[in-house]
Amino acid sequence: MENTITYTHKTPQRLIVGITGASGAIYGVRLLEALKALGVETHLVISEPGRITLGLETGMTPEDLEPLVARRYAPGDFAAAIASGSFSTQGMIVAPCSIKTLAAIAHSHTDELLARAADVTLKEGRSLLLMVRETPLHLGHLRLMVQATELGAIIFPPAPAFYSHPQTIEELVQQTVGRILSRMGFANALYTPWDPHPETA
């Protein structure tokens, strides 16, 4: 009798989200809310500076975000599932991404879990989107972006579009989150695609 091997593995809709200490923590929060609404299994890691900025800008704690995710990991937990390439995901989004984290990713310096998870994402050929949040940019910043891009990362600064005539900051944030999700392959209705000739009723 011959042995039969059945392959049943299927990669779930699973995404890693990182939140760093750059200003713009609300982008990470709204991203998690949108992913939960889409039914995506989300794994979250927040750096220590990210925890501080989250509190200063939103009044929230990392614990407040736990209902939005499948699991949250401590920034120094190198035994976490997301530290291994054998943990299948569709990629990772860092929103917002500080220059410090960008530098760590560009140089494969994985002294924290967030940078390690990003490095794993790149080495496994998965999509890594970095919402780099800094301005103005000096030459060193630009070179880091080029280096990260050469490794396979997607550089996606939160640059709002105004053709949809947003009326509030919340609309600007949602629009950017929608564009990010679309770039990562998740269909959503959080933003209005550009159409110079919209149909009239």
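Helix 1 packs its buried residues against strand 1 (14–19), strand 2 (41–46), helix 2 (48–58), strand 4 (91–97), strand 5 (127–132) and helix 6 (169–183). The model is predicted.

**Helix 1**
- Helix 1 covers residues 25–37, 13 residues in total.
- From first C-alpha to last, helix 1 reaches 19 Å, close to the 18 Å expected at 1.5 Å a residue.
- Its buried residues are A25, Y27, G28, V29, R30, L31, L32, A34 and L35.

**Cis peptide bonds**
- The bond from T135 to P136 is cis, with omega near -5 degrees.
- P136 sits in the loop between strand 5 and helix 5.

- S108 is not a glycine, yet it has a positive phi of about 55 degrees.
- The loop between helix 3 (99–106) and helix 4 (113–123) contains S108.
- S108 is partly exposed, at a relative accessible area of 41%.
- H165 is not a glycine either, and has a positive phi of about 55 degrees.
- H165 belongs to the loop between strand 6 (154–155) and helix 6.
- H165 is exposed, with a relative accessible area of 60%.

**Nonpolar surface patch**
- L137, L139 and L142 make up a nonpolar patch on the surface.
- Together they have about 250 Å² of accessible area.
- L142 lies in helix 5 (residues 139–151).
- L142 is partly exposed, with a relative accessible area of 39%.

Conventions: Residues are numbered from 1 along each chain as its sequence is written. This is a predicted model: local features need pLDDT of at least 70, side-chain atom pairs count only at pLDDT 80 or more; totals for chains, interfaces and linings use all residues. Side-chain values use heavy atoms; hydrogens and water are left out. Patches are made of residues with over 30% relative accessible area and no salt bridge: like charges are joined within 9 Å, nonpolar side chains (Val, Leu, Ile, Met, Phe, Trp, Tyr) within 5 Å. Accessible areas come from the Shrake-Rupley method with a 1.4 Å probe; for residues, only the protein chains shown count as cover. A salt bridge is a side-chain nitrogen of Lys or Arg within 4 Å of a carboxyl oxygen of Asp or Glu. Helices (H or I, at least four residues) and strands (E, at least two) are DSSP runs, numbered from the N terminus. Buried means under 20% relative accessible area, exposed over 50%, partly exposed in between (1.4 Å probe, protein chains only). The expected span of a helix is 1.5 Å times one less than its number of residues. Contact means heavy atoms within 4.5 Å.
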